[in-house]
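Try each task before reading its solution.

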Amino acid sequence: MIRLSTRNLTKRYRRSDRAAVEDVSFDLPKGKLLALVGESGSGKSTLLRLIAGLEHPDAGEIALDGALLSSPRGVTPPERRGIGLVFQNHALFPHLTVEKNIAFGLRQLPRGERTAAIMPLLELVGLSGMGARYPHELSGGERQRVALARALAPNPRVLLLDEPFSSLDARLRHSVRDETQQILKQRGATALLVTHDTGDALSIADRIVVLKQGRVQQVGAAPEVYYAPANSYVASFFGTCNFLPIRSLPHPSGARIHCHVGPPGPSEQPGIGVWVRPEDLELVRPSGGEALAGTVTRIAFQGAYLDVTLHCQSPDTAPFEVLVRHHQPFAVAPGETWAIAPKARRPSGIA
Ligand code: ADP
Ligand code: MG
């Protein structure tokens, strides 16, 4: 069942020459966590503000459980949408205890019911017994959980989280995002998470929407955007990706591109290639006549693996670099020549 949907949503700010959000359509099914990712300025917060009802669209529609919330003809006010918000800085009231901060999310309930509702929420976010503390007496991760409990308290139909982990240090960030995912799942919440961090999106989201300059580049689950990116932007956005030149070969069916990795032949058009992840390549001893070989220019030790950069040259293409993420232990030295081969591996989750 689709809980939230946007259709051809466009928003242009005054005094701006391009739209902040343009022709955006996606669906968020009930109980799922959707991550909206993109570089800074790609329109993530604008999209969130449109969904929250804080901005009016210039074109397109937003619907919640099939009922229209926003269109250029009219907009349901934020307080009547049943949508919850969690911000980057968590925005807790410093002069209120944890319990009172959470109770703020329940201010429409009678006092007795409010108190009864707080205990299960404290338990849900693992803060039982900490209700009387003040925000400054909590760690960053605990403050994040209070913000989450406060936003979940009124049972919003959709929870919007705008960069909720960006104020946390790297080590804490990983555990907090995993906890957040667990809490959302336990509660059966439908949530939309905005992040510029591809790791957040890949590790906890059920579905990912990739934005570039206000436009959707791809909508898909983590393995889809990672292994089957819709374009070169998406491919590089989710981590280093090598662009390898190819030699195209005729294929009887005509339906597929049949290719040989390596520089194109003299009669072929240069500039066509395949995108290959560094972990899908390996180095093999050159035996002569390899399609792709290069000289090692850089080796970066990464603990579990080595990142090896090779410089490749051919008479038919401009020189190019290839990054190979090689398993450890592996003996390789700068200046050596190695052949580059694809690793036989089929990604999971892709038909
Ligand atoms: P993100 O959250 O992905 O960083 P934003 O939605 O904040 O992106 O911004 C998208 C674009 O809209 C940017 O070019 C930004 O400068 C512009 N923008 C955002 N808010 C406003 C505003 N209130 N007035 C004018 N331009 C804005
Ligand atoms: Mg933003």
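**Exercise 1.** Over the face of which residue does arginine 107 lie?

*Solution.* The model is predicted. Start from arginine 107. Arginine 107 lies over the face of phenylalanine 104, at 4.1 Å from the ring centre. Next, look for a ring partner. Phenylalanine 104 pairs edge-to-face with phenylalanine 93, 4.8 Å centre to centre and with 70° between the planes. Now place both rings. Phenylalanine 93 sits in the loop between β7 and α2 (98-104), and phenylalanine 104 in helix α2, so the pair ties together parts that are 11 residues apart in sequence.

**Exercise 2.** Classify tyrosine 226 and tyrosine 227: buried or partly exposed?

*Solution.* The cut-off for buried is under 20% relative accessible area. Tyrosine 226 has 18%, so it counts as buried. Tyrosine 227 has 30% and counts as partly exposed. Then check the ring geometry. The two tyrosines form an edge-to-face pair, 5.1 Å centre to centre, with 90° between the planes. Finally, find the charge. The charged end of arginine 277 sits over the ring of tyrosine 226, 4.0 Å from its centre.

**Exercise 3.** Describe the largest pocket: its volume, its lining and the elements that supply it.

*Solution.* Volume comes first: about 700 Å³. The lining holds 24 residues. Among those nearest the pocket centre are Arg107 and Pro154. Sort the lining by type: 14 nonpolar, six polar and four charged. Then sort by element. β7 (83-86) and α4 (140-152) each give two or more residues. The largest share, four residues, comes from β7.

Methods
Residues are numbered from 1 along each chain as its sequence is written. Chains are lettered from A and ligands numbered from 1 in the order in which they are written. This is a predicted model: local features need pLDDT of at least 70, side-chain atom pairs count only at pLDDT 80 or more; totals for chains, interfaces and linings use all residues. Side-chain values use heavy atoms; hydrogens and water are left out. On a 1 Å grid over the protein atoms alone, a cavity is a set of points where a 1.4 Å probe fits but cannot get out, and a pocket is an open set with protein on both sides within 12 Å along at least five of seven lines; lining residues have an atom within 4 Å of a point. Grid points are joined across faces, edges and corners, and a volume is the space filled by probe spheres set on the points. Ala, Val, Leu, Ile, Met, Phe, Trp, Tyr, Cys and Pro count as nonpolar, Asp, Glu, Lys and Arg as charged, and the others, Gly among them, as polar. Rings of Phe, Tyr and Trp (its six-membered ring) pair if their centres lie within 6.5 Å; planes under 30 degrees apart count as stacked, over 60 as edge-to-face and the rest as tilted. Buried means under 20% relative accessible area, exposed over 50%, partly exposed in between (1.4 Å probe, protein chains only). A charge sits over a ring if NZ of Lys or CZ of Arg is within 6 Å of the ring centre and within 35 degrees of the ring normal.
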